[in-house]
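Here's a friendly walk through one protein structure. Have a look at it first, and then we'll go through a few spots together.

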Amino acid sequence: MAINSLSDTAFKKILSENFTPSATIKTPERLFGRDKALITIDRAFASPGRQVFIYGDRGVGKSSLAETAALLHQDSADAPIYVACANSGSFAEVLTAIGNATMDIAKRVELPGATGNYGASMLGTGINFKPSEAKRISLPDAGTLSGALDIIRYVLSKRSGMQVIIIDEMERIGDPKERAKFAEFIKNIPQLEERVRFIFCGIGTTVDELIGAHPSAGRILETISLEKLHHNYLWDIINNVANKTGILVANEMFIRIGQISDGFPHYVHLIGESMFWSAFDDDQIVTAMAPRHFKAGIAGALARAEGVLRQQYQKATRKTKNTSDYEEALWSVADTTSDSRQLSEIYESSYKRIMLKRQRERPMLTKEVFNQRLLALKKDGHGAILKGYGSGWFGFRENIIRGYVRLMAEQEGVELGREIR
Ligand SMILES: Nc1ncnc2c1ncn2[C@@H]1O[C@H](COP(=O)(O)OP(=O)(O)O)[C@@H](O)[C@H]1O
Ligand SMILES: [Mg+2]
C-alpha cells in the first residue's frame, strides 16, 4: 500500500469503476466528450418516429454512447434490450434475439423449442422468472417484415413505458440481402408505437455502407458519425482518477498519453489502469506519478491490450526475415495522425528521424526498399494492416491500430505522435 489516505479497497474500487479498457460505459458521468451526441439523441427521440444510427471506427465509443443514451431514455422498470449481430448473421436471428430478450432464460432453456436459440444480453438486470408463468411461447416468423414488426409489438405488450432497443455491430451482417431487410424494417418502424426507439451501431464511414442506399430509411434515421475523442477528453479519463486518488499527474504525462492513444479511449484506460496500479504497488508513498509508473503503464497496456490488436501487429511484423524493418515501417506510418500519408513524406520526416534514434543498432533502408516494406504491409500475408490511397499513399486499414503501434514504439524508446500539443 503506497497511497496516502486511501484503503486498499477504496483504491481498488476507484480503479475498477473508472478504468474500463474492455467494458462499455453506461453512465453520462463517465462518458467524456459525448455531451453533444447525447443531446442529438435526446432530440431525435423527442421527434416522433425518429431512430438513431451511430457509425464510426472500431473502438471510438459507439456502443458506450448507445448504452448510455439507452439507459437515459429507457423506462426504468426494465433494462434496454441489447443485441449484437453475429458474424454472417441474419436479420431473422437479430429479431428473434430481441423477442427472446423479454423472456427469462430459464423459460427458454427449460422449454426447448419455445423460441429461436439466438442469445440476447440485457443491460443491467434481467427479468424475474416465475415458474407458474411458464408456458410455451413461439415467436412470429422473424424472417418476414410483418413477423419482425409483430415481435416488436410482442415486446411492447410485455413492457410498459419507453423502450430502447440497441442493435449493435451491424458491420457483421455481410450479406447485402440481409442488410436490405434491415433497411426495409427501418422504413416500417413508423408503423410501431411511439414508445419504442432503436439505436443501430456499426463500423463504417457511411450508413449506406452498412444498410445500403435506401433514401426513405434515411428520413427516419438520425445518423451520428462518431469521431475520435479530443485530447482533453482523453485526459479527463486519467484526471478523474487522479483527483479521486489524490495522486498528481504531470502535464507532460497527460499529453503523452493523449498522443499515444490517438483519440481511442481503450488505450487511455489501459495505460491509466497499469500506471495507477504500479503507483499502488510502489515501496514508497506516492504523491505524484513518476516516470517509472508511466513506463509500467506502457508495458501494462501492451500486455493487456485487446488480443486482436496484438495479433494484427504480430501478423504484420513477425516474419522469417526483416521483422525490425516492418516494425520501423509501421512506426513511421504511425508517426502522424493523418489518415493517409505519402511515401516520400513518411520516409523523409518520420522514418529518417526514427532511424537516427536507433542509429547504432540498425541500418537505414533506402527509400526503394522502404517502399517495398510498405507495399508488403498492404498484403494479406501481413494481415493487410496498411491500405493504399492511390499510388504512393499509405494509411492504416483501421485507425485504432495506430495507438498499439505507438505503444510498441514507446516501449522501444521511440516517441511517435509528438505533433499534437
Ligand atoms: N466517451 C468515453 N469516455 C471514456 N471512455 C470511453 C468513452 N467511450 C468509450 N470509452 C471506452 O473506450 C473503449 C471502447 O468503447 P466502445 O464503446 O466499446 O467502442 P466501439 O463500440 O466503438 O468499438 C471502452 O473501453 C470504453 O470503456
Ligand atoms: Mg461496440
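Are Y351 and F370 buried or exposed? Both Y351 and F370 are buried, meaning under 20% relative accessible area, with exposed being over 50% and partly exposed in between (1.4 Å probe, protein chains only).

## Before we dig in

This is a predicted model, so local features need pLDDT of at least 70 and side-chain atom pairs count only at pLDDT 80 or more, while totals for chains, interfaces and linings use all residues. Residues are numbered from 1 along each chain as its sequence is written, chains are lettered from A and ligands numbered from 1 in the order in which they are written, and side-chain values use heavy atoms, leaving out hydrogens and water.

## Rings that pair up

The count comes to 13 aromatic pairs (rings of Phe, Tyr and Trp, the last by its six-membered ring, with centres within 6.5 Å; planes under 30 degrees apart are stacked, over 60 edge-to-face, the rest tilted). Take F91 and F182: their ring centres are 5.0 Å apart and their planes sit at 85°, so this pair is edge-to-face. F91 belongs to helix α4 (residues 91–100) and F182 to helix α7 (residues 176–188), 91 residues apart. Helices here are DSSP runs of H or I, at least four residues, numbered from the N terminus. F91 is buried at 2% relative accessibility, and F182 is buried at 0%.

Back to Y351 and F370: they make a tilted pair, 4.5 Å centre to centre with 35° between the planes. Y351 sits in helix α16 (residues 343–357) and F370 in helix α17 (residues 367–377), so the pair ties together parts 19 residues apart in sequence.

## A serine in a helix

S274 is part of helix α12 (residues 265–281), and at 10% relative accessibility S274 counts as buried. Beyond its neighbours within four places in sequence, S274 is in contact (heavy atoms within 4.5 Å) with A296, G297, G300, A301 and R304.

Notes
Helices (H or I, at least four residues) and strands (E, at least two) are DSSP runs, numbered from the N terminus.
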